[in-house]
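Colleague: Please show me the structure, and then let us work through it by question and answer.

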Amino acid sequence: MLRTEEMLLNVGPQHPSTHGVLRLVVKIDGEIIQDAEPVIGYLHRGTEKLAEDLNYTQIIPYTDRMDYLSAMTNNYAICHATETLMELEIPERAEFLRVIVMELNRVASHLVWLGTYLLDIGAMSPFLYCFRDREQILNLFNELCGARLTYNYMRVGGVKWDAPPGWLDKVKEFVKYMRNQMPEYHGLISGNEIFIQRTRGIGIVTQEMAISYGLSGANLRCTGVKWDLRKNQPYSIYDRFDFDVPVGKTGDLYDKYHCRMQEIIESLKIVEQAVEGFPEGGSTMAKVPRVLRVPEGEVYVGIESPRGELGCHIVSKGKDKPWRLKFRRPSFYNLQILPALLKGQNIANLVAILGGIDIVLGEVDC
Amino acid sequence: MSGQEKEFEKKSTEGKELEQEEKKQTESRSERFPNVPSSSEQSTAEEHKPETRLSIANQESSSNSTDQQQTSINPKKETTPPSGELKQENKEVLPKGPQAAITGKGKPSATPRPRPAAKPVKEEKPLPPSPEQPTLDRYVQLIREQVHEEAVEQGFVNRVNNHLPTLIIQSKWWLAVAELFKKHPDLAFDYVQNYSGVDYETHMEVVIHLYSFTHEKRVCFRIKTDREEARVPSVVHLWHAANWNEREIYDLLGIHFENHPDLKRILLPDHWVGHPLRKDYVPLDKEV
């Protein structure tokens, strides 16, 4: 038996596999992690404080910068909460456009996760494939709203831009294309011996733990809890589409991978149905006053972002600015479980487990 | 056709509101030199909601009043709107630019009249009982029986928010209520959906939205606490998710969570002074 002694290891905040500016203070004994403490806040910009001095439309671009991998869902969270409080009805065309862009964004976000995750655990080539396909989605968004990452696309009451001519056909084509790509990904990754060795049975989360820590998204579903806000607390027009909620069994990293891959397929299904049933003509904006005065009250709504439950809690005092705005950021909740997962693991599994959670630091720090 | 007219009418009134808003702002800007922030004055002027409603109604009823009136406004308009005849006379003398151009039709005086009348009626309408009312009653009853008779300060159904049962609780009863809602088999709220805090200036509130996977129910608790000595019992031992959230609320709002295992700042650096989301927080550099 070799003599080992405890040491403190600092990981980050500048480290490629912490996916941003996360710092981990890890206590290791030999190669075994005894304790780990995430240190966050390096990207804190005070969005919630800034929002108190902005009117509701001005807040929307700030939400783009929270979860910058899926800005569309962030846009939707604030718009949806405001609309709920104002009891606005959204035109059909706008709802369809919103669903299409949100689901495409989910696919794009999962592709980034897939690429970077595999890069973390040592596979170089999937990253290139993933970014190649994600690029197509970004091009579609670029055509729709003129931005590749920070879209600022939605407004309270609808969306800013209508689909340009021929855009929907391109979306349709992309769905077909992406479907054909999926076997390639599975062929490349799913059966890969090294990948299976690195992920199966690692970082297991139990159902009780997941619920107690408030996990959501694929992190919760991989444990077998069928919880998807699009189904369980339906918003927008998701109740009109036919799709499944993929769940895992064991709650290990491989299940997370599997859930997310299935979710890409389900999202494509929704996009396809939305393009099929896209309404002819009609407005993309509801009738809203130019100065938005949100009636006095309180509202909390959660939506299903690629990372989990993205909530928006608004306390309004009847002004054009929110009295208090709070975002429930899924990454913030999901990251909390990391120390519990790392305890007793080999140091080599650190990046694998951290990557499996799929955090975006812009969202954690807000 | 008439519907469209109404919409146009609405737009033009909104435009006026905007104008007034701008005027208000320019007025307040000129007063800005004294150190008192003008926004607070504005907010006190608008503090009482019924009054603002009234003034809005007034604006609407006088939507076809003259430009003179528009220019001579003071933001808090409680003077009675001019009589209909006067309005029409003035109308002929001073045709109003934007409105006439938009509507194009000759009878703007007839359209706005029903609008102010319609609004109050809408509010007075008795609402049907909420489908969640029995759930709320049951929660209140359970708390009264098992915690304390006076533990629930107020309970209501938040209709706008998908009929969410909401309970306002004093912080001294919160721990017992939380334990009841986590452990009671008929409640079993095991999932924290949201955990945040609000500074109401008169008091502080911690807001927690819970979900029960077993019973598929949602509930919202608002825990009231004193502003100067904000203290709320920690619930980390019930829900792990509370840990970082309580640290965040402590960091940004300065609410102290009793018996929290590791209560320290989480987003801001440890040497930071003050709690930014408090309404009386003064930023070090106002330009930022």
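**The sheets, the core and the contact between chains**

Modeller: Chain B has an open sheet of five strands in the order E1-E2-E5-E4-E3, with mixed pairing; strands are DSSP runs of at least two residues (E), helices are DSSP runs of at least four (H or I), and both are numbered from the N terminus. Two strands pair if DSSP finds at least two bridges between them. This is a predicted model, in which local features need pLDDT of at least 70 and side-chain atom pairs count only at pLDDT 80 or more, while totals for chains, interfaces and linings use all residues. Residues are numbered from 1 along each chain as its sequence is written, and chains are lettered from A and ligands numbered from 1 in the order in which they are written.

Colleague: At about what angle does helix H10 of chain B run to E3(B)?

Modeller: Axes are lines fitted to C-alpha atoms, for helices over the stretch in contact, and angles run from 0 to 180 degrees between N-to-C directions. Helix H10 (residues 242–253) lies across E3 and E4 of chain B. Its angle to E3(B) is about 10°.

Colleague: Which residues touch the most other members of the largest nonpolar core?

Modeller: A nonpolar core is a set of buried Ala, Val, Leu, Ile, Met, Phe, Trp, Tyr and Cys residues joined through C-beta atoms within 7 Å. A residue is buried if 20 or more other C-beta atoms lie within 10 Å of its own, exposed if 12 or fewer, and partly exposed in between, with C-beta atoms placed from the backbone. Of the 143 residues in the largest core, those that touch the most other members are Ile100(A) and Ile255(B).

Colleague: Which helix of chain A gives the most to this core?

Modeller: In soluble globular proteins, nonpolar side chains tend to be buried together. Here the greatest contribution, 15 residues, comes from residues 92–120 of chain A, which form helix H4.

Colleague: How is H4(A) oriented relative to H14(A), parallel or antiparallel?

Modeller: H4(A) and helix H14 (residues 349–357) of chain A pack at an angle of about 175°, with their axes 9 Å apart. Angles under 35 degrees count as roughly parallel, over 145 as roughly antiparallel, 65 to 115 as roughly perpendicular and the rest as oblique. The orientation of H4(A) to H14(A) is therefore roughly antiparallel.

Colleague: Which element gives the largest share of the side of chain A that touches chain B?

Modeller: Two residues are in contact if their C-beta atoms, placed from the backbone, lie within 7 Å. On this basis, 36 residues of chain A are in contact with 31 residues of chain B. The largest share of the side of chain A, five residues, is from E6(A).

Colleague: Why is E6(A) largely enclosed by the rest of the structure?

Modeller: E6(A) pairs with E7(A) in the antiparallel sense over nine bridges, and the two strands form a hairpin with two residues between them. E6(A) is largely enclosed because, of its nine residues, the number buried is eight.
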